[in-house]
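Biologist: I'm new to this one. Can you walk me through it?

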Amino acid sequence: MATAKARASLPTNAIEAQGLDKTYKSQPGQPEKHALKTIDLAVPRGSLFGLLGPNGAGKSTFINILAGLVIKTGGKAWVWDIDIDAQPRSARAAIGVVPQELSLDAFFTPREIMEVQAGLYGVAPRKRRTMEILEAVGLVDKADSYARSLSGGMRRRLLVAKAMVHNPPVLVLDEPTAGVDIELRQQLWSYIRELNRRGTTIVLTTHYLEEAEELCDSIAIINRGRLIACEPTRDLVGRLDNKALQLTMDRDMTAVPAALEGFSVDLQEPRQLVVRYRKNETGIGQILAAVQASGLAVVDLSTEEPDLEDIFLELTRGDNSHAAESR
Ligand code: ADP
Ligand code: MG
């Protein structure tokens, strides 16, 4: 049995989902919402894993199911090899979730908030590590100040601390840097990296590609409730190194100049060419040299990096299944 195995040895995957599905019931005046569509996903133990997707993709739904905060409507899920249906309490004990909203009791102090949370998780008083954790997130000085007097960044760190009272092997942060300024973001990231180095499996959700790229060793992308990619960050970014160079020429063209035929080129307007290339393979210099060889002169140029939107388009191209579905 999976659970017995988990106790005896460390699991291969910190989180596993098979065919995970969620439909939110209809609200008055609103149709039901198919928020997760048969997601299969494994988060290897020890990884710093990014769950990336635009707003509304289903990221929070996914992690809230694992945390026992949202009831799934289909599929199976395990946290630390523990089946969330068969042993919901044990599964919940294996995961700490830092919620997306900055919700804290304004009239409690960090020390009190930590103690209450430890009580909720049944951590015996002598096993509590309140000050140790507050120290780790840099809040010892504020242990006895009201939460309402904490800055946004401090509140975020307090939520991280709160998610760790029961020392879970898996820590999930839902959009951890929303509303956190750049300096604190760096601080939070280095703390997250440190936790990960010490063995905690980290999952973070974000809608910023850069954030996932900088922090995570693997990235899964979800869009409209569907998993559309899941691979090591390096591979994903390598796949996404397409760039586009837009060139405006000095005269009208009727076809793509012969000198440019080796590239992927579109004649968009009589004077405008768009050259698509991979920046790992082709330099702009090569393209411009080819243009020059064609005898045309460039009067203007601009480049475009793919943003998340382009990436979704690219990854979902050919997958029209969602277009026909009701959302
Ligand atoms: P994300 O975290 O990626 O922004 P969510 O998981 O919050 O996405 O939401 C996924 C979809 O489910 C969205 O369309 C959202 O409006 C819908 N949704 C989320 N929570 C509820 C709910 N409690 N009731 C109905 N629909 C919901
Ligand atoms: Mg969310």
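Modeller: Here is a short tour by topic, and keep in mind that this is a predicted model.

Biologist: Start with the metal. Which residues coordinate the magnesium ion (ligand 2)?

Modeller: Ser60 does, through OG, and so does Gln100, through OE1. The distances are 2.1 to 2.3 Å.

Biologist: Where do Ser60 and Gln100 sit?

Modeller: Ser60 is in helix α2, residues 59–66. Gln100 is in the loop between β6 (95–98) and α4 (110–120). They are 40 residues apart, so this pair links distant parts of the chain. Gln100 is partly exposed, at 31% relative accessible area.

Biologist: Switching topic. How many salt bridges are there?

Modeller: A search of the whole structure gives 13. Asp85 and Lys72 form one of them, at 2.7 Å from N to O. Asp85 lies in the loop between β5 (82–83) and α3 (88–93). Lys72 lies in the loop between α2 and β4 (74–79).

Biologist: What else does Asp85 meet?

Modeller: Lys76, in a salt bridge of 3.9 Å, N to O. Lys72, Lys76, Asp83 and Asp85 are linked in a network of salt bridges.

Biologist: And which residue pairs with Arg193?

Modeller: Glu214, with the closest N and O atoms 3.6 Å apart. That pair links helix α7 (residues 182–197) with helix α8 (residues 209–215). Arg193 is partly exposed at 26%, and Glu214 is partly exposed at 43%.

Biologist: Now rings. How many aromatic pairs does the structure hold?

Modeller: One. The rings belong to Phe107 and Tyr146, with centres 6.2 Å apart. Their planes are at 70°, so the pair is edge-to-face.

Biologist: Why does the pair tie together separate parts of the sequence?

Modeller: Because Phe107 is in the loop between β6 and α4, while Tyr146 is in the loop between α5 (130–136) and α6 (152–163). Those parts are 39 residues apart in sequence. Phe107 is exposed at 58%, and Tyr146 is partly exposed at 41%.

Biologist: Which residues form the nonpolar patch on the surface?

Modeller: Phe108, Val116, Leu120 and Tyr121, with about 380 Å² of accessible area together. Leu120 is in helix α4 and is exposed, at 66%.

Biologist: Last one. Is Thr233 buried or exposed?

Modeller: Buried, with 8% relative accessible area. Thr233 is in helix α9, residues 233–239. Beyond its neighbours within four places in sequence, Thr233 contacts Glu213, Cys216, Asp217, Ser218 and Ile219.

Terms used: Residues numbered from 1 in each chain as written. Chains lettered and ligands numbered in written order. Predicted model: local features only at pLDDT ≥ 70, side-chain atom pairs only at ≥ 80, totals over all residues. Heavy atoms only, no water. Helix = DSSP H or I, 4+ residues; strand = E, 2+ residues; numbered from the N terminus. Buried < 20%, exposed > 50% of the residue type's maximum accessible area, 1.4 Å probe, protein only. Contact = heavy atoms within 4.5 Å. Donors = N, O, S within 2.8 Å, 3.2 Å for Na, K, Ca; no water. Patch = residues over 30% accessible without salt bridge, like charges linked within 9 Å, V, L, I, M, F, W, Y side chains within 5 Å. Areas by Shrake-Rupley, 256 points an atom, 1.4 Å probe, with all protein chains shown as cover. Salt bridge = Lys/Arg side-chain N within 4 Å of Asp/Glu carboxyl O. Phe/Tyr/Trp six-rings, centres within 6.5 Å; stacked < 30°, edge-to-face > 60°.
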